[in-house]
Structures are given as structure tokens and as C-alpha cells.
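Here are my notes on this one, as promised. Have the structure open while you go through the points.

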Amino acid sequence: MKLFGVYKVLAFVVGVLLIVGTAASLCNYLLADGSTLQELGEQVSIVWMLHGWVYIVYVVVAFLLSQRAGWKLSFLGLLLLSGLVPVLIFFVERKVEARLRNENPELVSS
């Protein structure tokens with residue numbers, strides 16, 4: 001699997017974990033104590049731990065991909081920020097794919 005394929009999978013996993021973790025935290029803090037969803041929010045702290053570990057791998061892969069593509073540090077910053085803002089990573093991943101196909105098609109496995 002090429003580096004972009006790994007990036008794409010990691011972006012999806014990081015994005016999903018971030019959405020699930022955020023939703024669980026909102027349930028935990030915004031719903032009435034003792035409700036089913038509030039209790040579920042308390043029990044999914046493992047999601048945040050998983051997000052953290054997968055995000056670290058994502059950072060390394062995003063850095064390597066940006067180096068191979070020759071992107072500026074500001075674009076790498078966008079890649080890294082997208083893993084911390086819910087839903088943003090899905091839009092950034094599309095932008096990364098389009099930019100790679102345009103500038104460095106050899107890095108995209110088709």
C-alpha cells in the first residue's frame with residue numbers, strides 16, 4: 001500500500017474516532033446525570049485514548065507525505081489541525097487527494 005493509501009485510512013479512522021469521542025463528551029457533559037446517554041459518555045474514554053495513539057501515527061504519515069509531495073509547512077499544519085477539529089479531516093483528505101492527483105500523481109495509487 002502506498003503512503004497516500006495509509007494516509008487515507010488513518011484520516012478516516014482519526015476522523016471517526018474524533019466524532020465519536022466528541023459526541024460522547026457532549027453526552028457526558030450536556031445531558032442529565034444518570035441518563036443512559038450520559039452514562040455512555042462516561043464509559044467511552046477509551047475512544048479518546050485510541051484517537052490519541054492513532055493521531056500520533058497520522059502525524060508521522062502526514063509529515064512523510066507532505067515531505068514527498070514537497071508541500072509548504074502551512075499545508076502540513078492544515079493536515080495536522082484537521083485531526084483535532086471534528087469533521088474537518090474529511091474535507092482536508094479530499095483536498096489532499098485532489099492536490100496529489102494534480103501535482104504528484106505518482107504518489108496516488110489508482
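**Notes on the fold and its helix packing**

1. Among contacts in the protein between residues at least 6 apart in sequence, 71% join residues at least 24 apart. Keep in mind that this is a predicted model.

2. On secondary structure, the protein has five helices and zero strands. Going along the sequence, that reads α-α-α-α-α.

3. Now burial and surface. Of the 110 residues in the protein, 38% are buried.

4. Two helix pairs are worth a look. As a reminder, two packed helices are described by the angle between their axes and the distance between the axes. For helix 1 (residues 3-30) and helix 5 (residues 88-103), the angle is about 165° and the axes are 9 Å apart. Angles over 145 degrees count as roughly antiparallel, and helix 1 and helix 5 are therefore roughly antiparallel to each other. Their crossing is left-handed.

5. Who makes that contact? From helix 1 come Phe4, Tyr7, Lys8, Ala11, Phe12, Val14, Gly15, Val16 and Ile19; helix 5 brings Ile89, Phe90, Val92, Glu93, Val96, Glu97 and Leu100. By class, the contact of helix 1 with helix 5 holds 12 nonpolar residues, one polar and three charged.

6. The other pair is helix 3 (residues 45-69) with helix 4 (residues 73-82), whose axes come within 10 Å and cross at roughly 160°. That angle makes helix 3 roughly antiparallel to helix 4. In this pair the crossing is right-handed.

7. Which residues of helix 3 and helix 4 meet? On the helix 3 side they are Tyr55, Tyr58, Val59, Ala62, Phe63 and Ser66, and on the helix 4 side Leu76, Leu79, Leu80 and Ser82. The contact of helix 3 with helix 4 counts eight nonpolar and two polar residues, with no charged ones.

8. Most residues other than glycine have a negative phi. Val87, though not a glycine, has a positive phi near 75°. Is Val87 buried, exposed or partly exposed? Its relative accessibility is 38%, so Val87 counts as partly exposed, the cut-offs being under 20% for buried and over 50% for exposed.

Conventions
Residues numbered from 1 in each chain as written. Predicted model: local features only at pLDDT ≥ 70, side-chain atom pairs only at ≥ 80, totals over all residues. Heavy atoms only, no water. Axes fitted to C-alpha atoms, helices over the stretch in contact; angles between N-to-C directions. Helix = DSSP H or I, 4+ residues; strand = E, 2+ residues; numbered from the N terminus. Parallel < 35°, antiparallel > 145°, perpendicular 65-115°, else oblique. Left-handed = near helix turned anticlockwise from the far one by under 90°. Contact = heavy atoms within 4.5 Å. Nonpolar A, V, L, I, M, F, W, Y, C, P; charged D, E, K, R; others polar. Buried < 20%, exposed > 50% of the residue type's maximum accessible area, 1.4 Å probe, protein only.
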